[in-house]
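Take a look at the model below. Keep it in view while you read, and find each part as it comes up.

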Amino acid sequence: MKKTSCFSGLFALLLAFVSIAPFVYVLTLSFLPAGQRLTFRYYYDVFLGSSQYLVRFWKSMGICGAIVAGQLVVSVLAGYGFAKCEFPGKNTLLFVLMILMVLPLQVTLAPNYIMLDNLGLLDTYYALILPSIFVPLGAFILTQSFKSVSADIIDAAKLDGCGVFRMLTKVVLPMNTSGLVCVTLLSFLDGWNMVEQPIAYLKDFIRYPISVALAYVPPADPTLQLVCCILVVIPPLFLFTYFNKELVEGIVLAEVK
Amino acid sequence: MKKKALCVFILIFWMLVAVTMISMRVEKIMIPQVVTTGARNDRGASGGVLPLDALFVDDTGMHLYTTYEGTGWEAGERAREQDPSSYEVDFEAEKIKVEYSWGVVYIQYASKPIREGELVNVNKTGECVPDHWLAVFPEGTPEIGPLSEGVSIEERNGQAVQFSVEKAQEPYMDGRAKSMIPELREARVYSFSQMGLFLESLTAVGLVFAMLLAAVTLWLGSCFMAREAGKNWVPLLVNGFLALTLLVCLPLALGAVNLPSSMLPREQITDFGYFIRQYQEFFNALKSFSPGSSTISMPESEAGQVIVAYKNGIIMRPLLIMGVGIALPAALIVVERAVLQIRRRPRIK
C-alpha cells in the first residue's frame, strides 16, 4: 500500500514537472533571451511600446465573452429540455447531438463556411461567434448535470407556481453551478484557443484573434513571441485558478452520469 | 484560494486595461515625425542624388532610410534602412548618390532618431513660428559664420550658443536646424518651445503615475479587507468604484501627456536617464549664461529667464501629485478601517 502511494506520488510529481516545465522555460527565456543579460525590453515592446498586442488581446476577450454568454444560454435551454422535458424523438436527438460532439472540427468547417458565406457573415466577428455558440458539448454537459436534479424538486417548484423560466433561474441553475462553470470554462478555452476558424472565415489580418495573430508575430526575435505567450496565458490561468474546484466537479458529474 | 486568486487577478486585469490605454498613447507619441524627399535625377548619370541632410549619423554609423508600407503586425508606413553599398556619400558636394528608382521616398529629416522597421508619420507642411534654439557643443563652441535672415545669436560662451529664430518650422527637427546653421553639426540642439512642451507634460505624466499608484494603494487596502468580504462589502464596493473611476479618467490624463518627439529617446519611453540627461544638459547650459556676479543663476536673455522661471515653478508639481496619489487612497483606507472598527465596537446601554 505504502509502495503504491509512494509510486503514485512520484508519478504525480513527474507529471507536474512535465506540465510546468514548458511554462517555466517560456517565462525564463522571456526575461533571459539566449546570449543576453536579464532584460525587460520584450515586455516593454508587448505591454507598452505597441498597443496592437493588448488591443488584440481585448478583442479576443470580447469574442470569447460573446461565445461564452451565447453558449450558456443555448446549452442551459437545450440541457433542460433534454434532461427534464418529454418530447417525441428526444433520445434520437440526444444521440445526434453526441455524434456531432465527437465530429472533428475540420468536418464542420466547410459547411459552416458555406452557411456563413450565404448569410454574408464571412470576414466579420459573427463568423467566429455564431458557430461556436452552437457547439454541442455545453448542451451535453448540462443535460447530464440537470439530470441530477430530483423530479420531486421540480414538481414541488411547479406546485408552488413556478414557470419554466423561474424554475430554471431560481431552482435548477443554483443547484448546478459546477456544470455551468464547466461549460463556461470549456467554451471560453475553446474560443480563446481557436485557430482554424479565424483562418478559414476571416481574411483581414486586423480581425484575427490573438491566438492566430501570435503565429504572425514578427519573426525577427522569437523572445517577443514568448512574451506574447505569457500575455495569452493570463485569462485561462485566472479561470483555472478561480474555478478549479467547480471544473473538476463538473467534469466528474458529466462522466459519472 | 478563491479570494487570493480574485485579488491578484483583479489587479492584473486592472493593470492590463490601464497599460492598454497607456500603450496606445505611448505608441502615438513615439512615432517620429519625418519629412521625406525623392531622389533628383542627376544629369549625365544613371543614378539620382539626395541632399546630404538625408544621411543620419549616430554612434552606430551612417544611415539612409526609405519609407515602405508594412502589412500584418507591421501595418502602416515604416522606415527601412538602405544597404550602405546601395549609395555613395559625397561630403564635398554635400550630396548622396543613389540608384535612381521611380517612386522611392527617402527620409530627409526626423524629429527623433529612427529605428529600422519603425512606424513613421510623414509630415507634409509645418507652420513657421518664432523659437529659440540652444546648441550645446561638448567639444567647445566653433566659429559661427554669417547666419541666414531671421536667425541671430542671443548668448554664447565656450560650451553653448543660444539662437533666436524668427521662423522655425514646426515640428522641430534636429536635422532641419542643422541644415539651417551648418556649424551645429557637432552640437546637441534643443528647441525652447519643445522644452516648454516637455515641462508642461510633466504634470500630466505625474498625474498618470499618481493614478496607477492610487489604484495599487486601493488594491492593497482592499486585499486586507477582502478577508472578511461579507462584513466589509461597503468599503470594498467604494474602493472598487474608485478604481473604476480612475480607469475611466486615465484617458483624460493621458490625453494631456504631449511629450515632444524631439525630446524622446530612440528606443523606450521608460528610459528616464535619457530625459534626465537632456534636462540637465539644457538647464546647465542656460545656467552657464548667467553673469558671474549674480547670485541667482538666471541667464541674461529674456527667453532663457522665462523658461528657467517656468521650470522652477513646475518641477516639483509631478512629485507632489504622485505623493497625493498615494496619500489620498491610503488615508481613505485608514478612515474606512476606523469606521468599520467603530461600528463593530460593542455598545453599552
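The model is predicted.

**Between the chains**

Start where the chains meet. Chain A puts 18 residues in contact with 18 residues of chain B. On the chain A side, three helices each supply at least two of the touching residues: α2 (41–49), α3 (52–84) and α13 (222–242). Look at the classes next. The side of chain A that touches chain B has 13 nonpolar and 5 polar residues, and no charged ones.

**Domains of chain B**

Now turn to chain B. Its domain assignment gives domain 1 (2–27 + 195–344), domain 2 (32–119) and domain 3 (128–190). Domain 1 is written as two stretches, 2–27 and 195–344. The C-alpha centres of domain 1 of chain B and domain 2 of chain B are 39 Å apart. Their contact takes 4 residues from domain 1 of chain B and 6 residues from domain 2 of chain B. On the domain 1 side, the touching residues are 1 nonpolar, 2 polar and 1 charged.

**Two helix pairs**

Two packed helices are described by the angle between their axes and the distance between the axes. Here are those values for one pair in each chain.

| Helix pair | Angle | Axis distance |
|---|---|---|
| α4 (90–102) and α7 (136–147) of chain A | about 130° | 9 Å |
| α1 (2–30) and α4 (233–256) of chain B | about 5° | 10 Å |

Take the chain A pair. Its angle is about 130°, which makes α4(A) oblique to α7(A). The crossing of α4(A) past α7(A) is left-handed. Which residues of α4(A) meet α7(A)? They are A:Leu94, A:Leu97, A:Met98, A:Leu100 and A:Met101. From α7(A) come A:Pro136, A:Leu137, A:Ala139, A:Phe140 and A:Thr143. By class, this contact has 9 nonpolar residues, 1 polar residue and no charged ones.

Now the chain B pair. The angle here is about 5°, so α1(B) is roughly parallel to α4(B), as angles under 35 degrees count that way. On α1(B), the contact is made by B:Trp14, B:Val17, B:Ala18, B:Met21, B:Ile22 and B:Arg25. On α4(B), the partners are B:Ala243, B:Leu247, B:Leu250, B:Pro251 and B:Leu254. The classes in this contact are 10 nonpolar, no polar and 1 charged. Among the residues of α1(B) in the contact, B:Arg25 belongs to the charged class.

Terms used
Residues numbered from 1 in each chain as written. Chains lettered and ligands numbered in written order. Predicted model: local features only at pLDDT ≥ 70, side-chain atom pairs only at ≥ 80, totals over all residues. Contact = placed C-beta atoms within 7 Å. Helix = DSSP H or I, 4+ residues; strand = E, 2+ residues; numbered from the N terminus. Domains from an automatic or database assignment. Axes fitted to C-alpha atoms, helices over the stretch in contact; angles between N-to-C directions. Parallel < 35°, antiparallel > 145°, perpendicular 65-115°, else oblique. Left-handed = near helix turned anticlockwise from the far one by under 90°.
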